Amino acid sequence: MRRPTRRREGETGMSDQGSFYQRDRSWHPAALTPQYKTSVLRSPQYPLLSLDNTISEMTGPRFGHNRIGPLDNDLIRNFAKTGDPIGQRIIVYGRVLDENARPVPGALVEFWQANAGGRYRHRKETYLAAMDPNFGGCGRAITDEEGRYWFRTIKPGAYPWPNGVNDWRPAHIHFSIFGHAFAQRLITQMYFEGDPMIWQCPIVSTIPDKAGVEQLIAALDRNATLPMDSLAYKFDIVLRGRRSTMFENRMEGN
Amino acid sequence: MVQKLATLKESPSQTAGPYIHIGATPNWVEITGVWEEDLGLVLIGPETKGEHIIIKGRVFDGSGTPLKDALIEIWQADADGLYNSPEEKRGKADPNFVGWGRQPTDGVTGEYRFETIKPGRVPYKDGRPMAPHITFWIVARGINIGLHTRLYFSDEEAANAECPVLARIEHKHRVQTLVATRGQENGLPTYTFDIHLQGEKETVFFDI
């Protein structure tokens, strides 16, 4: 290994932080997971082409706090027309961290979910559970300096879906997260502590490792509840981490 | 037992599902009044520098059927090859160009469409110029982890021929899966970029 070199800001055209750790593909679901039938025709069959990050992947869009409205993280109020939506009132909070366990500030976190009966507000949704006129099901937040986000919502219901003749999704909230680089882009789902249906779900079971599934199960946090008002669930999200440049072995000319 | 590393595991990916529009483009599915406009629909304004272009195409599954529930995000440099990102240290990108876009594929035809500008060249990690390209990220029901690929331009033959990333594709006939074809639409240069998730024409996807 060559001696670590220090570069002046702007000298080389790259950030003073290194490339991202290789994604652990054995921790994520494979593309082809036959128990989740839709994946069969939508999974690439050639191996992915491994590409050490270039500046195209190490940069990414940022979204300022001024993009976010005061009700964007309040799903109880941000679509309400005639009153509050039906359902168990909950708070979801947590931090966005990287694999180095450092907070990711300024991360845009978007979330969407079904209503308390398990029905989505979407033109292609056909489940017979009732729509809730006061629930839209979308929200967003930007993490603060310590990587924290939070929102208020109602607990989504479980629902049946066309896969097997009688498959059900456990209650869940979808998350989309932007870190600081396009290489960190991630979409995932949050599940709820204690739900037995988590372990029966063909989509959850695409995750190979039980510990990986457990990483997506939010913990009930009695200390963060609002007494006589809302339960609280803690859900931390981990994005890819990047190398420190201190010991990075750089090619000539870079 | 040895000591534990102080690192965390990345949160495992889960599919975006069929209803990602509720969170990503709520106005597009008639969830109005929550926020004014969906993020990423508009990339350029009258002051944006560069050649105004249209990019369009469809995403096909292994049976040749276009996906009508996919969401595509793009990320690109400005006309001078600079990214509008705090991580960009080579210079200041065009303030009138964010470089990030997001569009659903149409619920009936499966077509997606972006209006943007043609990006300039940006350097590979060893300093050689890469050919102009746009990063694509595709998510949908049935896609367990978002797919990264790149669009290159059919009228950049010389640059494509020396691009160090395209050079890494072992099976040369597959390079063409990343090259969008230039045409014309309403007087604007239009590039058609179809993405094939499977089959003989399977697009090259990257593990970045």
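The dialogue below goes from confidence to interface, core, strand pairing and backbone angles.

Modeller: This is a predicted model, in which local features need pLDDT of at least 70, side-chain atom pairs count only at pLDDT 80 or more, and totals for chains, interfaces and linings use all residues. Residues are numbered from 1 along each chain as its sequence is written, while chains are lettered from A and ligands numbered from 1 in the order in which they are written.

Colleague: What is the mean pLDDT of chain B?

Modeller: pLDDT is the predictor's confidence in each residue, from 0 to 100. Chain B has a mean of 97, with 100% of its residues at 70 or more. Chain A averages 91, and 90% of its residues score at least 70. Over residues 1-16 of chain A the value stays under 50, and the model has 20 contacts beyond four places in sequence for that stretch. The scores for the model are ipTM 0.97 and pTM 0.94.

Colleague: How many residues of chain A are in contact with chain B?

Modeller: Two residues are in contact if their C-beta atoms, placed from the backbone, lie within 7 Å. On that basis 81 residues of chain A are in contact with 67 residues of chain B. Elements that each supply at least two residues to this side of chain A include helix H1 (39-42), strand E3 (108-112) and strand E8 (172-178). Helices (H or I, at least four residues) and strands (E, at least two) are DSSP runs, numbered from the N terminus.

Colleague: Which strands join across the two chains?

Modeller: Two strands pair if DSSP finds at least two bridges between them. Here 2 bridges join E1(A) to strand E10 (residues 206-207) of chain B, and the two run parallel. Opposite Leu49(A) stands Phe206(B) in E10(B).

Colleague: Which residues have the most contacts inside the largest nonpolar core?

Modeller: A nonpolar core is a set of buried Ala, Val, Leu, Ile, Met, Phe, Trp, Tyr and Cys residues joined through C-beta atoms within 7 Å. A residue is buried if 20 or more other C-beta atoms lie within 10 Å of its own, exposed if 12 or fewer, and partly exposed in between, with C-beta atoms placed from the backbone. The largest core has 108 residues, and those with the most contacts inside it are Val96(A), Val109(A), Ile177(A), Ile138(B) and Val139(B). E9(A) gives the most to this core, with 5 residues. Beyond its neighbours within four places in sequence, Ile177(A) touches residues including Val96(A), Val109(A) and Leu239(A). Of the 254 residues of chain A, 44% count as buried.

Colleague: In which sense do E7(B) and strand E8 of chain B pair, parallel or antiparallel?

Modeller: E7(B) and strand E8 (residues 188-192) of chain B pair in the antiparallel sense over 5 bridges. In E8(B), Leu188(B) is the bridge partner of Glu185(B). With strand E6 (residues 147-153) of chain B, strand E7 (residues 179-185) pairs in the parallel sense over 2 bridges.

Colleague: Which residue of the hairpin of E7(B) and E8(B) takes a positive phi?

Modeller: Most residues other than glycine have a negative phi. In this hairpin, which has 2 residues between the strands, Asn186(B) takes a positive phi near 50°. Asn186(B) counts as exposed because it has 6 C-beta neighbours inside 10 Å. Ala101(A), not a glycine either, has a positive phi of about 65°. Ala101(A) lies in the loop between strand E2 (89-98) and E3 of chain A, and it counts as exposed, with 12 C-beta neighbours inside 10 Å.
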